[in-house]
Amino acid sequence: MEEWLDTLYGKHGLYYCVECGKCVAVCPMQDIFCRFDFEISPRGIIKKAALHSDILKDEALWFCLECSACTDACPAGVKYRDFMNDLRSLSIERGNIKNIYVCEICGRYYSPRAVLTHLKDRLHYGDSDYLSICPDCRENSFIDTIRDTFHASGPGL
Ligand code: SF4
Ligand code: SF4
């Protein structure tokens with residue numbers, strides 16, 4: 001195993017995993033994605049990361065919702081959500097961006113492609129601009145709209 005991965009395994013307690021499967025049982029990905037298999041499950045990622053050094057390029061990294069249910073349920077104290085968060089940050093740092101959306105305004109990482117695509121489908125948003133920008137930029141754009149409306153209404157309001 002490469003040194004950086006060994007460090008992450010230690011940092012997030014992955015060496016303590018007893019393969020009980022509780023993390024998989026509580027994971028909401030199974031209710032969301034038609035594709036929910038061992039490969040994208042927390043147990044699958046933990047195993048795969050240990051066996052394959054190219055985990056950072058793996059599409060399977062980009063389905064987790066980072067909800068923390070697995071971490072809360074884990075009897076061994078494995079911090080899977082934080083592990084996933086670090087893996088994704090490293091993956092993006094190394095230029096693997098084909099499975100993510102970046103904000104159309106600020107250009108920062110915004111959401112995994114699979115998660116946002118699911119959200120757009122569920123909400124029937126299609127290619128709406130609303131979900132093409134990150135929450136910070138959405139908030140700023142909302143504030144700008146309010147400010148413009150206020151100025152247009154004149155100083156009497
Ligand atoms: S719940 Fe914890 S110990 Fe059980 S398989 Fe998942 S990560 Fe391993
Ligand atoms: S953090 Fe990810 S792997 Fe863990 S329960 Fe939530 S969606 Fe599943």
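Reader: Between which two helices is the loop with Ser68 found?
Author: A heads-up: this is a predicted model, where local features need pLDDT of at least 70, side-chain atom pairs count only at pLDDT 80 or more, and totals for chains, interfaces and linings use all residues. Residues are numbered from 1 along each chain as its sequence is written, while chains are lettered from A and ligands numbered from 1 in the order in which they are written. Helices (H or I, at least four residues) and strands (E, at least two) are DSSP runs, numbered from the N terminus. On that basis, the loop with Ser68 sits between helix H4 (42-51) and helix H5 (69-73).

Reader: Is Ser68 buried, partly exposed or exposed?
Author: Count the other C-beta atoms (placed from the backbone) within 10 Å of a residue's own: 20 or more is buried, 12 or fewer is exposed, and in between is partly exposed. Ser68 has 13 such neighbours, so Ser68 is partly exposed.

Reader: What is the phi of Glu19?
Author: Most residues other than glycine have a negative phi. Glu19, in the loop between helix H1 (3-11) and helix H2 (22-26), isn't a glycine, yet its phi is positive, near 55°.

Reader: Which residues come nearest to ligand 1?
Author: A residue is near a molecule if its C-beta atom, placed from the backbone, lies within 6 Å of it. There are 15 residues around ligand 1, and H2 and H4 each supply at least two of the shell. The nearest are Cys17, Cys20, Cys23, Cys74 and Val78.

Reader: How many residues around ligand 2 are nonpolar?
Author: Ala, Val, Leu, Ile, Met, Phe, Trp, Tyr, Cys and Pro count as nonpolar, Asp, Glu, Lys and Arg as charged, and the others, Gly among them, as polar. Ligand 2 has 14 residues around it, the closest being Cys27, Cys64, Cys67, Ala69 and Cys70. One is polar, two are charged, and the number of nonpolar ones is 11.

Reader: How do the elements run from the N terminus on?
Author: You'll find eight helices and two strands in the protein. Their order is α-α-α-α-α-α-β-β-α-α.
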